Every structure is written in C-alpha cells, then in structure tokens.
Amino acid sequence: MERRESYLAYLYESAWILPSVAIPVGMLVALVLTAFAIGIHLPGQTATVDPRRLAQTPPFDRPGLREVRPGQYEAVVIGQIWSFTPNEIQVPAGATVTFIATSRDVVHGFRIQGTTVNGMLIPGQVTRLTYRFTQPGEYLLVCHEYCGVGHHGMYGRIRVVAPTP
Amino acid sequence: MTAPENRLVRGYLIVALLALAVGGLFGPLQALNWAGLDLYGLIPGLRSYYQGLSLHGTLLVLVWTTFFIGGFLLFVTRQSLGQPLPRPGLTWATFWLMVVGLVLAALPLLSNDATVLFTFYAPLKASPLFYLGLGLIVVGTWLLTLTLGLAYRRWRAAHPGEPYPLPAFMALVTMLMWTLASLGIAFEVVFLLLPWSVGLTGGVDALLTRTLFWFTGHPIVYFWLLPAYLSWYTLVPRHAGGSLFSEPMARLSFLLFLTTSIPVGVHHQFTDPGISEGPKLLHTFFTFVVFFPSLLTAFNVAASLESAARRRGEQGWLGWLWRQRWGDPVLTAQLLAMILFIFGGIGGLVNASLNVNLLVHNTAWIVGHFHLTVGSAVTLTFMGVTYWLLPHLLGRQLWSRGLALVQAVLWFVGMAVFAYALHNLGLLDTPRRTMLGAAPYRLAEWQPWLVLVGIGGVILFLSGLLYFVLVVLTALAGERQPVPAPAFAETIHGPADTPRAFDRLAPWLVVSVVLIVVGYGPVFWQVLSQGTPPAAGLRVW
C-alpha cells in the first residue's frame with residue numbers, strides 16, 4: 001500500500017476511534033451523575049428469608065401497609081402463584097412507600113406502572129424498593145416475570161388518593 | 001471441500017433450519033395473541049401460550065443460532081485455511097452429540113414438561129432430560145472449539161511466521177469467547193439443576209442459578225453476533241464489490257470481544273435483590289466497553305462499503321451509502337440487518353444503563369430489542385448467508401433471486417414495525433413473557449401498539465415462509481450447476497499492517513480471565529456469602 005494512503009487510513013481510524021471512546025464515556029458520566037444526583041436506586045443487598053417459613057418470619061407474617069412515620073409507609077408484599085398479597089394498597093398522595101417484598105414460590109416480577117418501582121421477587125431474597133407517590137390516581141402493579149400458566153393474571157393496584165382537606 | 005465435509009456443514013444447516021421453522025411458527029401466534037386474536041387452537045397438542053413461548057425461545061436462540069454457527073464456522077475455517085478439517089471422527093461425533101442433546105431437550109419441550117422458557121429460572125423445575133440435552137449441546141460446542149483449535153495448531157506448524165488468516169482467526173476467537181462464557185451455564189446445569197431435577201438435592205439457590213445463567217446469557221449474544229460480524233468483515237465487502245478497509249482494526253474488534261464480553265451479565269439482573277449497586281455499576285461500565293468494538297465494526301464495515309461504491313465511480317460524500325448492489329439478496333439481506341442493528345445497539349445501551357434500565361426491565365422493550373439483534377442482525381444476516389452457502393453446498397442455483405430480495409425486504413419491514421411497536425409498549429410498561437390476550441389488566445393505551453405488533457408478526461411470518469419456500473425449492477428444483485463459494489474479501493489496510501499482538505491468542509485469553517475475575521469476583525462473593533435459603537422446585541404449568 002502507498003505510504004500516503006496508509007497514513008490516511010490511520011487518520012480515518014483515529015478520527016473514528018476517538019469519538020467511539022468519548023461517546024460511551026460521556027454517557028457513563030451522565031449516568032453516574034444522575035444516579036447520585038437524582039438518587040434513583042436499584043434493589044441491592046438487603047436480607048434473606050426462608051421461603052418455606054414466611055408465615056413465621058417478620059415482617060412477612062403480616063403482609064400489608066403500615067405508616068412508620070408521618071408520610072412514610074412500609075408495604076410488605078408477598079408474591080406467589082398467581083397473585084400479590086396484598087393486591088391493593090391505598091396511600092395518600094405525597095406518601096413515600098418502601099416496598100418490602102419477596103416470593104413464596106418461583107421468581108416473580110414487581111413493576112408499578114409509571115414509576116421507578118421495578119424489581120424481581122426471588123425466593124429466599126428480600127427486595128426493597130422506595131418510591132414517593134406524588135400524583136393521585138390508580139397505578140397498575142404487574143408481575144413481569146413468567147411464573148407459570150396463570151402468570152398473566154397476576155397483578156394488583158396501588159391507589160394514591162388526594163388527601164381530604 | 002471434500003464430500004464428507006460438505007455433508008457435515010449441510011447437517012448443521014438442516015438442523016438449524018428445522019429449528020427455525022418449528023420455533024418460528026409460534027412467533028406469529030404470540031404476536032397475534034397480543035393483538036387480540038387467539039389462534040392457539042390451530043396447533044394440536046399445544047398446551048399453553050407459554051409452552052409455545054418456551055419452544056419459540058429455546059429453538060430460536062439456542063438451536064437455530066448454535067447449529068447455524070457450528071456449520072458456518074467450520075465452513076469458513078475450512079475455506080480460509082485451505083486445508084481439510086482435522087479429525088473427521090471428532091467433527092462427526094460432535095455433530096451427533098449436539099443432535100442427541102437437541103432431541104433430549106426437545107422431547108420434554110414438546111410434551112409440556114419443560115415449559116420454563118429459554119431462561120429456565122429455578123425454581124421452575126423442568127424434566128431432567130431438558131437440562132441434560134442443553135448440557136450436551138454445550139459440550140458439543142466445546143468440541144467445536146477443540147476442532148478449530150486443532151486446525152489452528154496444524155496450520156501454524158505448516159506456516160511458520162505467517163499471520164493466521166482473518167476468517168479462521170475470527171471463527172476461533174468466537175468459539176474461544178463462547179467456551180469461556182459457557183462455563184456459567186455448564187456449572188449451573190451440571191452441578192445445580194441436574195442433581196436437583198433428579199431429586200438428589202431438595203432445593204436450589206434461585207439467585208445463584210440466575211447469576212450463573214446470565215454469566216453465559218449475555219456473552220451468548222456475542223456468540224451469535226460475532227459470526228454475523230465475520231460475514232460482514234470478510235465476505236460482505238466482496239459481495240459489495242470492494243475490499244475490507246482495515247484488517248488490524250477488525251482483529252482488534254474481535255480481540256476486544258474476547259476480552260470484555262463476559263463480565264457484563266449482571267446488567268440483566270439490575271433489578272435483582274442480593275447484589276448491591278457497586279458490582280451492578282461495574283457491569284454497566286463493562287457493557288459500555290463492549291459497545292466500543294461494535295463501533296469499530298460499524299466504521300470498518302461502512303468504510304469497506306464505501307470503497308466498493310468508490311470503485312464503481314461514486315464521487316460524492318454520502319452517495320456511497322445507497323450506491324450499493326441492492327439487487328443482490330445476499331448483500332441486501334445483510335445491509336438491512338446492519339441497519340436494524342443500529343437501533344438494536346442503541347437500545348442495548350439503554351438496557352445496560354444502571355438506572356435507566358428500570359424503565360424497560362422485563363417490558364416489551366426488551367423483546368423489541370432482541371428481535372433487532374438476534375432476530376435481525378444475526379438471523380437476517382444468516383438468511384443472506386444461506387443464499388450463497390446453500391447453492392454452493394448443493395451445487396444448485398438459488399431458485400429465485402427476486403423472491404429472495406422480497407424475503408429480505410419483508411423481514412426488514414416486518415421487524416421494523418414489530419420492534420417499533422414493542423419498544424413503545426415497553427415505555428408504557430407492558431410486561432414481556434405474558435399472554436396479554438388473556439390478561440385482565442390490559443390498558444387502553446397499549447391497544448394500537450398491540451395491533452401493530454400483530455401486523456409486524458404477520459409480515460415476519462410471510463417473510464419466514466418465503467425463506468423456507470426458497471430453501472426447499474433451491475434444494476429440489478434449483479438449476480444443477482456448480483456454484484463457487486465467494487472468495488474472502490481482500491484488504492485495503494491488510495495483514496502487513498497488522499501488529500503481531502493482533503495475531504496472538506494466549507495473552508488476550510489471560511486478559512479475558514482477569515477481567516472475568518474483576519467483574520464477577522465481587523458478584524459471586526456477594527451471592528455465595530449470603531447463603532440464600534434454598535427454594536423447592538415447582539411445576540407451575
């Protein structure tokens with residue numbers, strides 16, 4: 001190959017390689033910044049629980065919603081084939097809800113429409129997710145992981161009601 | 001190629017095509033179910049949507065891909081080295097082992113004893129035959145690696161000091177990457193799922209099995225993609241009438257896939273409990289790193305296509321983009337595959353992004369994404385490859401070039417409609433892997449997109465049907481005449497410009513292992529140190 005052409009090729013390659021590095025690096029920086037600035041977190045390590053002994057293990061012995069501080073709630077939810085317990089939760093607008101959830105049997109999904117609540121329920125593991133519901137309305141909760149022939153019937157509702165004046 | 005070698009490649013191709021035909025059959029049923037039209041009654045003996053979905057996923061992503069790749073990489077290695085494949089006994093034993101594995105896995109799938117989808121997440125408990133069959137297929141792929149390794153050693157001994165030919169190099173790198181990657185699924189199947197499914201153990205750590213699955217489950221997409229890249233790098237420039245722009249950059253791209261493909265799997269588990277955000281962020285980082293060799297590929301392949309158009313006298317800045325040989329179905333199928341893959345790649349970055357992933361995880365978005373990648377970049381490329389490989393192997397002309405063109409364009413259009421609708425549904429929180437036609441919670445805002453999914457599915461079905469009509473008519477009625485295999489593309493920036501390091505494997509394998517330890521060390525430490533209580537197996541279908 002001609003020497004000049006060879007240099008040109010290196011030039012083209014470099015002209016492509018530099019932005020190819022810069023673009024993903026820029027995206028990564030943006031990602032990390034937003035993760036910490038906005039504080040959108042993923043489920044992490046919380047606790048383990050014996051799926052065969054949920055009925056005897058707090059907090060899963062008493063599924064449901066409780067207010068831990070004014071405006072701060074904990075919702076203990078169990079996923080099982082093919083329903084959530086409880087399958088309806090009602091909170092006032094502005095409430096911050098921490099979902100503490102697990103599965104009694106197979107892997108289930110836990111997704112609340114239009115929010116950042118998206119987690120897997122894995123037998124043996126406790127999933128913790130926190131979200132502040134600002135807009136009143138009805139939010140669909142669905143299981144988004146295949147969990148058997150009745151999977152498409154596994155859903156629930158979160159009702160966020162405007163506080164009565 | 002010798003006659004037995006020809007038969008071997010044909011064997012792989014036949015199994016791959018059968019898997020595509022059977023697995024593909026369920027695609028339109030699923031799409032139409034989402035659109036509100038339930039045609040499952042048409043398939044006698046099928047027990048549920050989810051049995052169909054298990055067949056669709058397993059046969060397409062595990063069988064169609066693996067068998068096509070097996071035959072294609074053996075063929076490429078044979079042609080590129082110009083020496084017979086080593087140990088015919090071993091290559092045939094490998095093929096039959098994989099076929100036995102496929103039969104063992106297919107039996108419970110067909111009898112509704114393995115309705116666990118292709119991810120077979122424990123504690124869903126399938127028949128032991130299913131796990132055994134999958135395990136045998138994986139072992140078969142290791143023997144393929146061994147075959148390519150033996151070919152490498154023999155060629156090196158006969159050609160001291162020469163660089164290993166690019167196509168064979170890419171084939172070997174693909175198999176080496178896969179072999180490392182497959183250790184996760186092999187460990188999961190052999191040590192956890194098989195003993196548990198036959199009743200030797202009472203329960204299984206559900207988080208550990210998922211983590212092992214995704215150790216293999218993400219790099220497996222590069223195992224599908226790299227043979228398509230191999231075609232784009234070493235054959236497409238020739239089909240287009242040009243040369244490969246840069247061999248060193250092509251090699252670098254494959255070596256980067258070898259080293260960085262594996263420590264990325266946790267981006268499928270961002271929403272899993274039991275793994276903290278630190279290791280998850282690390283896997284975001286590594287997935288972005290793997291984006292880089294794909295960008296290198298985009299540049300290199302585009303520059304090669306540009307060289308083809310310039311050779312035909314194209315002068316303008318961008319005119320080369322459309323001044324291509326669109327009349328050739330082999331080329332057109334692969335160019336269309338590339339176009340769809342651009343969107344697949346961009347969507348992949350969204351999926352890999354730590355917290356943006358929350359918007360799309362396990363929604364229809366993901367289904368749209370992997371139909372653009374494995375369902376388009378890979379499958380449409382393999383369809384294009386079929387249009388020269390099959391005539392070459394059979395010594396018969398392609399039955400109709402015109403119909404082959406129509407087939408490729410229909411696949412492109414169908415997939416564009418299908419994937420666009422699915423991505424939109426995903427952003428509206430439509431769950432994936434769900435028989436939506438029967439879901440009581442279907443939302444009105446999903447409806448128009450669901451109909452579009454159905455339309456896309458029907459177009460894809462027609463294209464698939466056309467593909468099989470062409471395959472069968474070529475085999476039975478194509479004009480008898482020797483069809484030469486396309487020569488591999490020449491290079492503009494070629495072997496002489498290739499640094500020696502880009503012709504070696506061992507140092508890159510060491511880097512790969514080190515990066516696996518860095519990326520997966522903390523993950524397995526967390527998963528294993530928690531002692532997740534075991535879950536009992538269940539059959540819930």
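Predicted model: local features only at pLDDT ≥ 70, side-chain atom pairs only at ≥ 80, totals over all residues.
**View 1. Interface between chain A and chain B.** Chain B contributes 69 residues to the contact, and chain A contributes 62 residues. About 5600 Å² is buried between the two chains, and carbon and sulfur atoms account for 69% of this area. On the chain B side, the residues that lose the most area to chain A are Pro273(B), Leu358(B) and Tyr441(B), which together give 12% of what that side buries.

**View 2. Crossing of helices α8 and α13 in chain B.** The axes of α8(B) (residues 219-234) and α13(B) (residues 364-394) come within 9 Å and cross at roughly 45°. This angle makes α8(B) oblique to α13(B). The crossing of α8(B) past α13(B) is left-handed. From α8(B), the contact residues are Trp224(B), Leu225(B), Pro227(B), Ala228(B), Ser231(B) and Trp232(B); they meet Val374(B), Ala377(B), Val378(B), Thr381(B), Phe382(B) and Val385(B) of α13(B). Classified by residue type, this contact comprises ten nonpolar, two polar and no charged residues.

**View 3. Packing of helices α5 and α10 in chain B.** Helix α5(B) (residues 166-181) packs with helix α10(B) (residues 247-260) at an angle of about 10°, and their axes are 9 Å apart. The two helices are therefore roughly parallel to each other. The contact residues of α5(B) include Phe169(B), Met170(B), Val173(B) and Met177(B), and those of α10(B) include Glu247(B), Arg251(B), Phe254(B) and Leu258(B). By class, the contact has eleven nonpolar, one polar and two charged residues. Residues three or four places apart point the same way, because an α-helix has 3.6 residues a turn.

**View 4. Helix α1 of chain B and the residue that follows.** Gly36(B) follows α1(B) and has a positive phi, near 105°.

View 5. Most residues other than glycine have a negative phi, and most peptide bonds are trans. In chain A, the peptide bond from Ile81(A) to Trp82(A) is cis, with omega near -15°; Trp82(A) is in the loop between β3 (72-80) and β4 (83-85). Thr85(A) and Pro86(A) are also joined by a cis peptide bond, with omega about -5°, and Pro86(A) lies in the loop between β4 and β5 (88-92). In chain B, Arg87(B) is not a glycine, yet its phi is positive, about 45°. Arg87(B) is located in the loop between α2 (49-81) and α3 (88-110) of chain B.

Methods. Residues numbered from 1 in each chain as written. Chains lettered and ligands numbered in written order. Heavy atoms only, no water. Axes fitted to C-alpha atoms, helices over the stretch in contact; angles between N-to-C directions. Helix = DSSP H or I, 4+ residues; strand = E, 2+ residues; numbered from the N terminus. Parallel < 35°, antiparallel > 145°, perpendicular 65-115°, else oblique. Left-handed = near helix turned anticlockwise from the far one by under 90°. Contact = heavy atoms within 4.5 Å. Nonpolar A, V, L, I, M, F, W, Y, C, P; charged D, E, K, R; others polar. Buried area = accessible area lost by both parts, 1.4 Å probe.
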